[in-house]
Amino acid sequence: MHSLLIIQNNKTENVTEERSSTGPDSLLRSCGYVVTAAASPEEAKLMIGDADASILNLPVTEINSWRAALMQCKTAPILWWCTSSTADLSVAACGDDIMVDGILSPSMQPQEIHWILHFSARQCFERQQWLKEREQLLSRIEERKWIDMAKGILSKAKNISESEAYDLLRKQAMNERKRMVDVATSIVKVYQLLQDQT
């Protein structure tokens with residue numbers, strides 16, 4: 001991880017903090033990172049392509065909206081820069097479903113910052129993998145529902161067992177060079193259409 005994008009708006013931008021060694025820009029630069037800053041979603045969208053991670057120097061209540069905007073552009077770790085100015089509403093927001101891959105603060109040493117960034121990258125990509133696997137599982141469950149409905153329709157209509165109906169579905173899918181779920185969906189939809197007409 002080499003390049004970082006800091007997101008800060010005018011409300012959290014504290015001139016004395018930014019000029020001091022505890023500001024995110026100067027502290028992260030001193031740790032060897034290339035740092036760019038954005039104050040609006042438009043600026044962030046232009047800069048996110050080159051960033052390995054985003055640091056949100058924002059109140060905790062703004063994290064989710066910024067996270068959603070950034071994740072639409074690029075999958076990369078998102079960390080929160082936690083200071084007295086960004087955490088003043090944190091107690092009220094504790095019940096919110098805040099999603100960040102890590103937290104940084106001005107009191108951290110360079111080695112701690114490197115490790116947090118490393119672990120946040122791992123956390124981000126593991127979460128993306130879990131989300132992808134979840135979507136695949138939900139899709140398989142949905143496909144299974146269509147296949148089960150089609151099996152039931154075929155076994156009732158042809159007076160055969162469900163295993164025979166499954167074999168029939170599989171054979172028809174092979175003959176039509178389609179996925180089994182597509183054949184099953186067609187059967188169920190035609191059946192429902194016929195039921196609606198009677």
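Start with Trp115, which is partly exposed at a relative accessible area of 48%. For accessibility, buried means under 20% relative accessible area, exposed over 50%, and partly exposed in between, using a 1.4 Å probe and protein chains only. This is a predicted model, so local features need pLDDT of at least 70 and side-chain atom pairs count only at pLDDT 80 or more, while totals for chains, interfaces and linings use all residues. Residues are numbered from 1 along each chain as its sequence is written, and side-chain values use heavy atoms, with hydrogens and water left out.

**The overall layout**

- The protein chain has 8 helices and 5 strands; helices (H or I, at least four residues) and strands (E, at least two) are DSSP runs, numbered from the N terminus.
- Reading from the N terminus, the elements go β-α-α-β-α-β-α-β-α-β-α-α-α.
- Of the 198 residues in the protein chain, 37% are buried.
- If you take the contacts (heavy atoms within 4.5 Å) in the protein chain with a separation of 6 or more, 64% of them come from residues 24 or more positions apart.

**The sheet**

- The 5 strands make an open sheet in the order β2-β1-β3-β4-β5, with parallel pairing; two strands pair if DSSP finds at least two bridges between them.
- At the edges sit β2 (34–38) and β5 (102–104), each pairing on one side only.
- From one strand to the next, the twist averages 30°. For angles like this, axes are lines fitted to C-alpha atoms (for helices, over the stretch in contact), and the angles run from 0 to 180 degrees between N-to-C directions.
- Helix α6 packs on the sheet and touches β1, β3, β4 and β5, and its direction makes about 160° with that of β5.
- β1 and β2 run parallel and are joined by 5 bridges, with Ile6 standing opposite Ala37 in β2.
- β1 also runs parallel to β3, with 4 bridges between them; here Leu4 has Ala53 in β3 as its bridge partner.
- Between β3 and β4, again parallel, there are 3 bridges, and Ile55 has Leu79 in β4 as its bridge partner.

- β1 is largely enclosed by the rest of the structure, because 5 of its 5 residues are buried.
- Both of its faces are covered: Ser3, Leu5 and Ile7 are buried on one side, and Leu4 and Ile6 on the other.
- The largest nonpolar core has 15 residues, and those with the most contacts inside it are Leu4, Leu28, Tyr33, Ile55, Leu104, Ile113 and Leu117. Such a core is a set of buried Ala, Val, Leu, Ile, Met, Phe, Trp, Tyr and Cys residues joined through side-chain atoms within 4.5 Å.
- At least two residues of this core come from each of β1 (3–7), α2 (24–30), β3 (53–56), β4 (78–81) and α6.
- Leaving out residues up to four places away in sequence, Ile55 touches Leu4, Leu5, Ile6, Ile7, Leu28, Leu79, Trp81, Leu104 and Leu117.

**Helix α6 and its ring pair**

- Helix α6 covers residues 110–158, which is 49 residues, and reaches 72 Å from its first C-alpha to its last, close to the 72 Å expected at 1.5 Å a residue. The expected span is 1.5 Å times one less than the number of residues.
- By the ring rule, the count comes to 1 aromatic pair.
- That pair is Trp115 and Phe119, stacked because the ring centres are 5.5 Å apart and the planes at 25°. The rule pairs rings of Phe, Tyr and Trp (its six-membered ring) if their centres lie within 6.5 Å; planes under 30 degrees apart count as stacked, over 60 as edge-to-face and the rest as tilted.
- Trp115 and Phe119 are 4 residues apart in helix α6, so about one helical turn separates them.
- An α-helix has 3.6 residues a turn, so residues three or four places apart point the same way.
- Phe119 is partly exposed, at a relative accessible area of 45%.

- Asn159 lies in the loop between α6 and α7 (162–176) and is exposed, at a relative accessible area of 72%.
- Arg177, in the loop between α7 and α8 (180–197), is also a residue other than glycine with a positive phi, near 55°.
- Arg177 counts as exposed, at 79% relative accessibility.
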